[in-house]
Amino acid sequence: MSNISSKTKVYSVIGHPVSQSFSPKIHNYLFEKYDIDAVYVSYDINPDHVKEGIEGIRHLGIMGTNVTIPHKIEVMKYLDEIDEKAKLFGAVNTIKNVDGKLYGYNTDGTGLTKSIKDASGETIEGKKVLIIGAGGACRSIAIQLAIENAASIEIVNRSIEKAQVIVDTINEHFDTKAVAASKIITQEDIDNVDILINTTPIGMGTEESPINTSLVPPKHMIVADAVYKPHETAFIKWGLKHNLKIAYGIQMLINQGIHSFSIWTGVHPTLEDTENILKIFLEQQKNA
Ligand code: NAP
């Protein structure tokens, strides 16, 4: 930080609110590690001023920005080009500024699939997946799982209409067989599942679990949670109790950040970087 000069490039995250964002820690660690003369800051942009915020990014020469809630859909109107995958996701979480031209991407889905692959050493291909929740996180994750050739995806949500919209997109574009349901998840529902993912906020700051923790998972099942505060949610604790492989919410967050970093810089951080950033997160949690 003491080396900031007139040549230092600026990257950012925009959202509302944004002061809680962990992204500055991820990217400032990576800029320092890879000796890149850049700094990453956060901007709280009011929903009424997203257009002006994006024009600010363009004209101030901010080289790249992450986009978080609630602006991921709105920003798409003001970009010059949007990656095909981000169009399918219907949301952008990464913007790259190339000489004033703004390109939109979405790294949320790959953040989760990379976490699953790192945790299990397995690929997504041929896997039977059950996803709980059908919001923005589910949409990116489910479509990315289909891109990586999951065999089937069941989306269970309290309002089935939202799940059905995502399922229709998958069935229209991919070979993966997708179905939507609104139900209490039973033992029978999870008996044949390879990957179980929570994309609801259930468990955030509470001991609640999105499924009944008296259910017994198949031994090979991988459990993934989008929620990352606390680090070990009740859902994750259930997976740990049954010795399952776990993809933590914070790993999804770190991996989507790492993918954004690669889009901006062309640099591909290592697993050791993921682990070092996780340590920074856990230390921050301990001191919070
Ligand atoms: P969202 O668009 O608001 O969707 C939330 C989904 O959860 C909806 O389908 C909603 O059901 C369902 N839901 C909410 N409260 C529920 C409850 N009490 N019982 C049952 N279902 C409930 O949110 P999102 O953007 O997808 O984010 C979901 C979670 O993932 C948040 O906790 C967010 O922080 C986390 N997240 C983490 C990462 C990461 O990198 N780790 C990235 C993105 C999001 P209805 O459709 O019926 O309303």
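How are α1 and α10 oriented relative to each other? In this predicted model, the two helices α1 and α10 pack at an angle of about 135 degrees, and their axes lie 10 Å apart. Angles over 145 degrees would count as roughly antiparallel and those from 65 to 115 as roughly perpendicular; α1 and α10 are therefore oblique to each other. The crossing in which α1 passes α10 is right-handed. On the α1 side the contact is formed by Lys-25, Ile-26, Tyr-29, Leu-30 and Lys-33, and on the α10 side by Asp-273, Asn-276, Ile-277, Ile-280 and Gln-284. Sorted by class, the contact of α1 with α10 comprises five nonpolar, two polar and three charged residues.

Helix α10 also packs against α9, at an angle of about 125 degrees and with 10 Å between the axes. The pair α9 and α10 is therefore likewise described as oblique, and the crossing of these helices is right-handed. From α9, the residues Ile-250, Gln-251, Ile-254, Asn-255 and Ile-258 meet Thr-274, Ile-277, Leu-278 and Phe-281 of α10. This contact of α9 with α10 contains six nonpolar and three polar residues, and no charged ones.

A further partner of α9 (residues 249-265) is α4 (residues 108-120), which packs at an angle of about 120 degrees with the axes 7 Å apart. That angle makes α4 oblique to α9. Here too the crossing is right-handed, with α4 passing α9. The α4 residues Asp-108, Thr-110, Gly-111, Leu-112, Lys-114, Ser-115 and Asp-118 meet Gln-251, Met-252, Asn-255, Gln-256 and His-259 of α9. Two nonpolar, seven polar and three charged residues make up the contact of α4 with α9.

Thr-107 is located in the loop between β6 (101-105) and α4. Its relative accessibility is 0%, so Thr-107 counts as buried. Beyond its neighbours within four places in sequence, Thr-107 is in contact with Asn-93, Thr-94, Gln-256, His-259, Ser-260 and Ile-263. Gly-61 is 46 residues from Thr-107 along the chain, and the C-alpha atoms of these two residues are separated by 22 Å.

In soluble globular proteins, nonpolar side chains tend to be buried together. The largest nonpolar core of the model has 38 residues, of which Leu-196 and Trp-238 touch the most other members. Two or more residues of this core are supplied by each of β1 (9-15), α1 (23-33), β2 (38-44), β7 (128-132), α8 (234-241), α9 and α10 (271-287). The largest share, seven residues, is given by α9. When residues up to four places away in sequence are not counted, Trp-238 touches Ile-190, Leu-196, Ile-211, Asn-212, Thr-213, Leu-215, Pro-217, Met-221 and Val-223. Another core lies apart from this one and has 31 residues, including Leu-112, Phe-174, Ala-178 and Ala-224.

The buried residues of α8 are Ala-234, Phe-235, Ile-236, Trp-238 and Gly-239. Among the elements covering these buried residues are α7 (187-191), β10 (195-198), β11 (222-225) and β12 (245-247). Helix α8 is followed by Asn-243, which has a positive phi, near 55 degrees.

Conventions. Residues are numbered from 1 along each chain as its sequence is written. This is a predicted model: local features need pLDDT of at least 70, side-chain atom pairs count only at pLDDT 80 or more; totals for chains, interfaces and linings use all residues. Side-chain values use heavy atoms; hydrogens and water are left out. Axes are lines fitted to C-alpha atoms, for helices over the stretch in contact, and angles run from 0 to 180 degrees between N-to-C directions. Helices (H or I, at least four residues) and strands (E, at least two) are DSSP runs, numbered from the N terminus. Angles under 35 degrees count as roughly parallel, over 145 as roughly antiparallel, 65 to 115 as roughly perpendicular and the rest as oblique. A crossing is left-handed if the near helix is turned anticlockwise from the far one by less than a right angle, and right-handed if clockwise. Contact means heavy atoms within 4.5 Å. Ala, Val, Leu, Ile, Met, Phe, Trp, Tyr, Cys and Pro count as nonpolar, Asp, Glu, Lys and Arg as charged, and the others, Gly among them, as polar. A nonpolar core is a set of buried Ala, Val, Leu, Ile, Met, Phe, Trp, Tyr and Cys residues joined through side-chain atoms within 4.5 Å. Buried means under 20% relative accessible area, exposed over 50%, partly exposed in between (1.4 Å probe, protein chains only).
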